[in-house]
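Please read it beside the sequence and the model.

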Amino acid sequence: MRHSSSNPDPLDREVRDELDFHVGERARELMAEGWGRAEAWREARLRFGDVERIHRESGRLRRSARARARRRGKMRALGQDVLLAVREITRQRGLSAIVVLTLGLGIGFATALFSVVDGVLLRPLPYVDADRLVYLWQNDRATGTEREPIGSADFYDFRDRTRSFEGVALWGMYSASLLREGVEPLQLGVAVVTADLDRVLGIEPELGRGIGAEEVEGRLGEVVVLTHELWRDGFGADPGAVGTRVVVDGVETEIIGVLPARAAVLMGEGVHAWRPLRLTPASATRSPHAYTAVARLAGGVAVEHAQTEMAALARTLEAEVPENVNRGAFVEPVDRYLRGDARGVMAGLLGAVGVLLVLTVLNVTNLLLARTRARARETAVHTALGAGVARTMRRNLAATTILTLVSAAVGVGVAWATLHAMLGMIPSSLLALGAPTLDGAALGFSVVLALALGVVLGIAPVTSALRLDVRGALGRGRGGDASTGPHRMGRFLVGAQTALATVLLVGSGLLASTLYNLSRVDLGFETDGVLRMSTSLPDNRYPSDFPQYPDWPEKLGFVRETIERVERLPGVLAAALTTNHPLDPGFTNSISIEGRPPDPERGEPTTRMITPGYFEVARVRLLEGRLITEADDHQTDGVVLLNRTAAERYFPAGDAMGARIAFWGLGFREIVGIIEDERVHGLREAAPPAFYTSLLQTPPAGGELTLMVRTAGVPLEWARPVRDAVAAVDPQLAVFNVTSMEATLAGAQQRERFVASLIGVFALMALVLAATGVYGVLSYIVSRRRREMGIRLALGAQPAGLRSMILGQGMWIAGVGVAGGLVLARAAASILEGLLFGVQGGTPAPYALSAAVLLAVAFAASAVPAWRAAAVAPADSLRSE
Amino acid sequence: MTPRIDSTSLYGTLNLLVLSALSSGPLHGLAIMRQIVDGSEEALQVEEGALYPALHRLERDGLLQAEWGRTDQNRRARFYQLTARGRKQLERERARWMRHTDVVRRLIHEEG
């Protein structure tokens with residue numbers, strides 16, 4: 001309350017009175033002693049002191065005292081409200097439990113999804129002004145690709161012949177082994193980078209130094225910079241790692257620094273370290289197109305402008321350089337490339353969560369309405385007696401805020417469980433951008449959400465209670481018709497929630513069917529119990545001497561010895577080496593068939609090089625002829641196997657056996673057997689034509705091999721012994737991608753599983769909402785028509801009749817909702833078509849099942865209020881008015 | 001010349017004197033002042049107005065409570081009395097003061 005001269009503070013008056021009294025009494029005393037009136041007053045004031053100053057000081061102190069007293073009063077009132085609220089909540093345990101459950105689920109799911117969005121989208125890229133960074137791709141008009149890596153000579157043109165960029169940097173990638181004393185070898189993804197990458201990105205090394213001009217020139221010997229993640233996981237975050245020497249790909253290298261966290265995110269997954277790219281204008285070439293360029297836009301330059309300039313430069317290069325024919329330019333913001341796909345998904349998710357929260361609020365309001373309705377008369381009386389709207393509102397807010405905060409605590413648990421369950425299903429491409437965790441931001445989000453919900457829920461019922469006619473409430477005491485106003489809204493709302501739940505359940509059903517059907521696809525090979533890992537044979541110790549082909553003793557020796565050692569391990573049923581595991585499509589090659597003209601219509605089969613044990617490891621079935629054996633080696637005649645699709649396609653007349661085919665410019669080899677197809681493109685696509693040769697006859701020119709082991713139990717338990725066996729053959733080899741074939745298969749279904757898990761979460765929530773909605777609305781009806789029910793029962797109506805009336809109402813609302821939902825679901829199913837397998841959007845089973853589940857749930861939710869209605873003692877209900 | 005005690009010096013002392021003056025019952029401001037001055041046989045002279053901020057501070061801090069009443073001349077005055085907290089504080093301050101003067105007395109006697 002602001003006081004002014006027109007609105008004087010009564011405290012000032014009091015202080016004035018008090019001081020005047022003192023001075024007045026003193027004056028009177030003096031006058032009694034014989035002083036004159038004027039002199040007495042003057043003396044009294046003199047003795048008193050500076051009246052104005054004291055008046056001010058005292059005034060200040062008394063105002064301060066008043067403010068303290070008011071604060072104390074407010075705290076006490078708040079304390080009372082909280083106590084009352086807690087009492088009320090614990091008194092209606094059932095209702096409170098349902099509300100807390102519903103809100104807890106809503107807040108929990110919202111928080112979990114917030115974490116996902118926060119982890120993936122909101123966390124900023126670890127670069128300075130990341131929105132100014134762009135990739136400089138080329139594209140190929142002939143093949144129609146949009147993003148192509150560039151040649152190193154192109155880099156110099158991009159850097160020196162443009163004005164749109166403040167800096168341009170380049171990198172390429174390769175795989176290298178890292179050896180250290182006393183530690184297992186690691187296989188790393190290494191990026192070779194130009195000196196100005198740090199500057200372009202705006203990053204500083206976390207430890208040591210980064211790749212600069214000196215390092216590129218090579219004056220200081222071989223160096224490597226570790227990513228933060230490699231330093232953390234492979235070096236135990238030891239600061240002493242910087243400065244130590246390790247062996248990278250057989251060459252002694254010094255670790256000169258550690259990058260900040262997530263610094264390599266723009267290079268995609270799987271980059272563990274950076275090394276200098278030894279590039280000079282003289283050594284740069286147009287081909288191979290093995291490098292990626294990133295640039296920082298110069299101040300004030302827009303992406304479109306840069307695109308125009310780069311496109312013009314590309315055209316110029318096309319004319320200047322024959323290798324650049326058909327190559328255009330594409331300038332793409334780094335942020336968009338990394339997060340583009342995710343944005344749509346996240347926006348959709350947030351929208352869905354928003355809808356769900358709104359429904360939750362309306363639902364819980366409905367639930368609380370039944371209770372508020374009962375107290376409405378009490379509230380009206382209070383208001384009439386002057387308790388004040390504000391006080392009532394505050395009490396309500398206290399109650400609902402306590403409820404929502406408790407729900408938030410439940411919600412945190414729900415969020416944790418949801419994230420835990422979903423983590424396995426989130427596609428790794430999204431996870432690479434940032435892992436969702438239940439961190440401070442997420443917890444803060446849930447608290448803020450809870451408080452907001454508390455306010456909304458607290459205000460809504462009070463405002464509706466206030467709309468009651470106070471006089472009417474005090475008078476006759478009977479509410480209006482049950483189908484008016486807010487009540488109709490409530491029923492419509494529940495119908496809508498039921499429809500939504502139906503749609504989501506149908507979606508879940510379709511995806512669950514899909515996952516089930518996928519699991520039943522005959523892959524042509526068996527994945528359970530199979531371990532796989534890869535290794536890379538470096539050229540220097542495993543040379544590929546082409547004139548000697550196929551007599552490459554180092555590679556052949558490695559293959560033989562490794563298989564031998566691994567097969568000797570206990571619990572190993574079979575082992576094989578291959579260039580591609582069964583879910584790796586590999587490369588294709590053209591073949592020629594002896595005695596036939598080339599036929600481009602045939603298409604190219606995929607090449608698979610294996611050892612004889614492969615057929616036992618993968619359990620591929622033989623259809624005709626024989627399998628490859630140990631006897632087929634580099635000294636015997638060349639043999640090859642075809643799969644069924646290849647046999648049917650290239651030998652439709654059925655004369656594959658004994659025919660001879662040639663590939664890779666080698667001589668003709670005989671087809672000695674036909675095996676069943678392997679679905680190397682995954683579960684959905686049919687197997688391509690394929691041919692198989694033995695690694696002992698055709699050792700690979702490249703160094704990468706995959707070892708597959710069929711074990712008698714859990715594959716990863718054999719990881720250690722198998723690694724040791726490989727190390728026994730060659731201690732300097734690192735193994736990587738150690739996993740089971742089952743995990744690989746699950747990974748191939750990542751997208752379906754992710755969407756299925758998301759829809760499942762939402763379906764569960766919607767189901768809870770529908771159930772609580774039906775329950776809430778019916779409770780509300782029952783509470784409003786208490787008096788009517790009491791009268792009916794008193795007049796001899798059967799309780800069963802009342803029960804079925806209520807049940808009927810509930811089923812009717814649910815039924816209408818389900819019917820509408822089924823129609824909507826059919827429309828929505830078309831969105832999912834791309835993901836479905838073995839079911840169509842219109843397959844009836846999920847629809848029937850969802851309808852059944854929802855009607856059953858609605859029945860259960862209706863039963864409680866129905867029973868309560870009939871259990872009302874007639875006298876009670878009449879008296880309660 | 002009797003030493004003047006105003007509100008800025010010996011502030012703590014003034015509080016103790018006020019609390020002590022009220023120990024036997026409620027008084028208005030003037031009466032409190034008279035108690036202090038009379039009781040000290042005019043050895044202390046307090047600037048009269050300085051009393052009031054002290055009273056109001058004690059009231060704000062919960063050691064005194066006040067209400068308006070009537071003197072025997074039927075004039076309106078504000079009467080102060082000790083709260084429970086005030087009484088406890090008085091005991092504490094008395095004890096502290098006693099300890100303080102004890103020490104000083106001992107020191108003086110030793111020197112003497």
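The largest nonpolar core has 117 residues, and Leu136(A), Leu226(A), Ala293(A) and Val709(A) touch the most other members. A nonpolar core is a set of buried Ala, Val, Leu, Ile, Met, Phe, Trp, Tyr and Cys residues joined through C-beta atoms within 7 Å. A residue is buried if 20 or more other C-beta atoms lie within 10 Å of its own, exposed if 12 or fewer, and partly exposed in between, with C-beta atoms placed from the backbone. The model is predicted: local features need pLDDT of at least 70 and side-chain atom pairs count only at pLDDT 80 or more, while totals for chains, interfaces and linings use all residues. Residues are numbered from 1 along each chain as its sequence is written, and chains are lettered from A and ligands numbered from 1 in the order in which they are written.

- Not counting residues up to four places away in sequence, Leu226(A) touches Trp231(A), Phe235(A), Ile255(A), Val258(A), Leu259(A) and Ala273(A); contact requires C-beta atoms, placed from the backbone, within 7 Å.
- A second, separate core of 87 residues includes Leu105(A), Phe109(A), Ala408(A) and Leu504(A).
- In soluble globular proteins, nonpolar side chains tend to be buried together.

**Strand 17 of chain A**

- Five of the five residues of strand 17 (residues 639-643) are buried, so this strand is largely enclosed by the rest of the structure.
- Val639(A), Leu641(A) and Asn643(A) point one way, and Val640(A) and Leu642(A) the other.
- In a regular strand the side chains alternate between the two faces of the sheet.
- Strand 17 pairs in the parallel sense with strand 19 (residues 669-675) of chain A over five bridges, where pairing means that DSSP finds at least two bridges between two strands.
- Val639(A) stands opposite Glu670(A) in strand 19 of chain A.
- Strand 17 runs antiparallel to strand 20 (residues 690-694) of chain A, joined by two bridges, and Leu641(A) has Tyr692(A) as its bridge partner there.

**Fold of chain B**

- Chain B has four helices and five strands, in the order β-α-β-α-β-α-β-β-α from the N terminus on.
- Of its 112 residues, 29% count as buried.
- Three strands form an open antiparallel sheet in the order 2-5-4, with strand 2 (27-28) and strand 4 (64-70) at the edges.
- Strands 2 and 5 of chain B pair over two bridges, and Leu27(B) stands opposite Tyr80(B).
- Helix 3 of chain B lies across strands 4 and 5, at about 120 degrees to strand 4; axes are lines fitted to C-alpha atoms, for helices over the stretch in contact, and angles run from 0 to 180 degrees between N-to-C directions.
- Arg57(B), in helix 3 of chain B, is buried, with 22 other C-beta atoms within 10 Å.
- Arg57(B) and Asn15(B) are 42 residues apart in sequence and 9.5 Å apart in space, C-alpha to C-alpha.

**Contact between the chains**

- 16 residues of chain B are in contact with 19 residues of chain A.
- Helix 2 (29-39), helix 3 (51-60) and strand 5 (76-82) of chain B each give two or more residues to the chain B side, and helix 3 of chain B gives the most, with six.
- That side divides into five nonpolar, three polar and eight charged residues; Ala, Val, Leu, Ile, Met, Phe, Trp, Tyr, Cys and Pro count as nonpolar, Asp, Glu, Lys and Arg as charged, and the others, Gly among them, as polar.

Terms used: Contact = placed C-beta atoms within 7 Å.
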